[in-house]
Amino acid sequence: MPRVKYILLDCDNTLCLSERLAFEACTDLTNEVLEKWGRPERYTVEQLLEDFVGLNFRGMLNGLQKKHGFTMAPEEIDAYVDQELGAVTAKLSEKCQSCPGVPEQLEALKQAGYPMSVVSTSAKPRVVASLKKTGIDHYFPDEHVYSAATSLNPPSSKPDPAIYNYACKQLGVKNEECVTVEDSRSGATAAMRAGIPMIGYVGVYGIEEGKEKMEEMAKVLTEQCNAKAIMYDWKEFPELLKQIEAL
């Protein structure tokens, strides 16, 4: 492909080490929901990550209802989504850190003239909180931060490709003219369904869960989600981008 016209970037656990912090904040709410609707199951942070990583809280609540056999009214879902957003945003504003190597690579991309955008499944306020806390918000004008939970009406969640299709339309580029970076199965599936060449970032799994999980996800993103390349460290990004542009 010719020179990429836009670099689209997932936020949680791709740019920022935010996923575990967010799940810490929403585990209590998740268990509150299960208790309120008479379900005996309870989640730890690790179990919640295993079952729902890559989904926003609305998507998680929908998944909980299907998995555990209960039904929430739309207004009840909205109320819990609002509660979760406040708790998560506060935690990210206090503790979020960038994934290793991200600030340096964003600066290099800016210097090389590549326009960049964030395309996340998470609610926009929590995405912006992560970007600001890690000091990389200046690379992404507010109008170029897209959220499946906030930018779309009705709200959605990856693996639905709607947020990618929406972002590309707003940016005035064709899906196939972009490259994106994703770390999760749901995010990578959204990119695949949108027809956007995708680099799978698995370095975060090595940081948080170990080499075995990292290699497992490299296989998943390649075999199930059609990743064009696997990135173990952000310093590999320039070469991987060149390889994709050479295809």
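User: In this predicted model, which residues of α1 are buried, and what makes a residue count as buried?

Analyst: A residue is called buried when its relative accessible area is under 20%. In α1 that label goes to Glu19, Leu21, Ala22, Phe23, Ala25, Cys26, Thr27, Leu29, Thr30, Asn31, Val33 and Leu34.

User: What do the buried residues of α1 pack against?

Analyst: Their partners are α2 (45–52), α3 (57–68), α4 (74–95) and α6 (124–133). Contact here means heavy atoms within 4.5 Å.

User: How do you know that the span of helix α1 agrees with its number of residues?

Analyst: Helix α1 covers residues 19–36, which is 18 residues, and at 1.5 Å a residue it should span 26 Å. The C-alpha atoms at its ends are 25 Å apart, so the two values agree.

User: Where is the kink in α1 centred, and what makes up its angle?

Analyst: The kink is centred on Cys26 and comes to about 35 degrees. That angle lies between two axes, one fitted to the seven residues ending at the residue and one to the seven starting there. Cys26 also belongs to the buried set of α1.

User: Which residue follows α1, and is its phi positive or negative?

Analyst: Gly38 follows α1, and its phi is positive, near 75 degrees.

User: Which residues lie nearest the centre of the largest pocket, and how many line it?

Analyst: Leu49, Glu50, Asp51, Phe52 and Val53 lie nearest the centre, among 21 lining residues. The space in this pocket is about 510 Å³. Its lining draws at least two residues from each of α1, α2, α8 (185–194), α9 (203–208) and α10 (211–223), and α2 gives the most, with five.

User: How many residues of each class are in that lining?

Analyst: The lining of the largest pocket has ten charged, eight nonpolar and three polar residues.

User: What is the volume of the second largest pocket?

Analyst: Its volume is about 180 Å³. Of its 13 lining residues, Arg58, Val81, Leu85, Ala123 and Ala149 are the closest to the centre. α3 and α4 each supply at least two residues, with α4 giving the most, five. By class, the lining of the second largest pocket divides into five nonpolar, three polar and five charged residues.

User: Which residues are closest to the centre of the largest cavity?

Analyst: The largest cavity has a volume of about 70 Å³. Closest to its centre are Asp10, Glu19, Gly54, Thr121 and Ser184, out of 13 lining residues. The lining of the largest cavity holds six polar, six charged and one nonpolar residue. Glu19 is one of the buried residues of α1.

User: Which residues line the second largest cavity?

Analyst: Ala22, Phe23, Cys26, Leu55, Asn56, Phe57, Met60, Glu84 and Arg126 line this cavity, which has a volume of about 30 Å³. The largest share, three residues, comes from α1. The lining of the second largest cavity divides into six nonpolar, one polar and two charged residues. Cys26, where the kink of α1 is centred, is one of the lining residues of this cavity.

Note on methods. Residues numbered from 1 in each chain as written. Predicted model: local features only at pLDDT ≥ 70, side-chain atom pairs only at ≥ 80, totals over all residues. Heavy atoms only, no water. Helix = DSSP H or I, 4+ residues; strand = E, 2+ residues; numbered from the N terminus. Expected span 1.5 Å × (residues − 1). Buried < 20%, exposed > 50% of the residue type's maximum accessible area, 1.4 Å probe, protein only. 1 Å grid on protein atoms, 1.4 Å probe; cavity = no way out; pocket = protein on both sides within 12 Å on 5 of 7 lines; lining within 4 Å. Points joined across faces, edges and corners; volume = space filled by probe spheres on them. Nonpolar A, V, L, I, M, F, W, Y, C, P; charged D, E, K, R; others polar.
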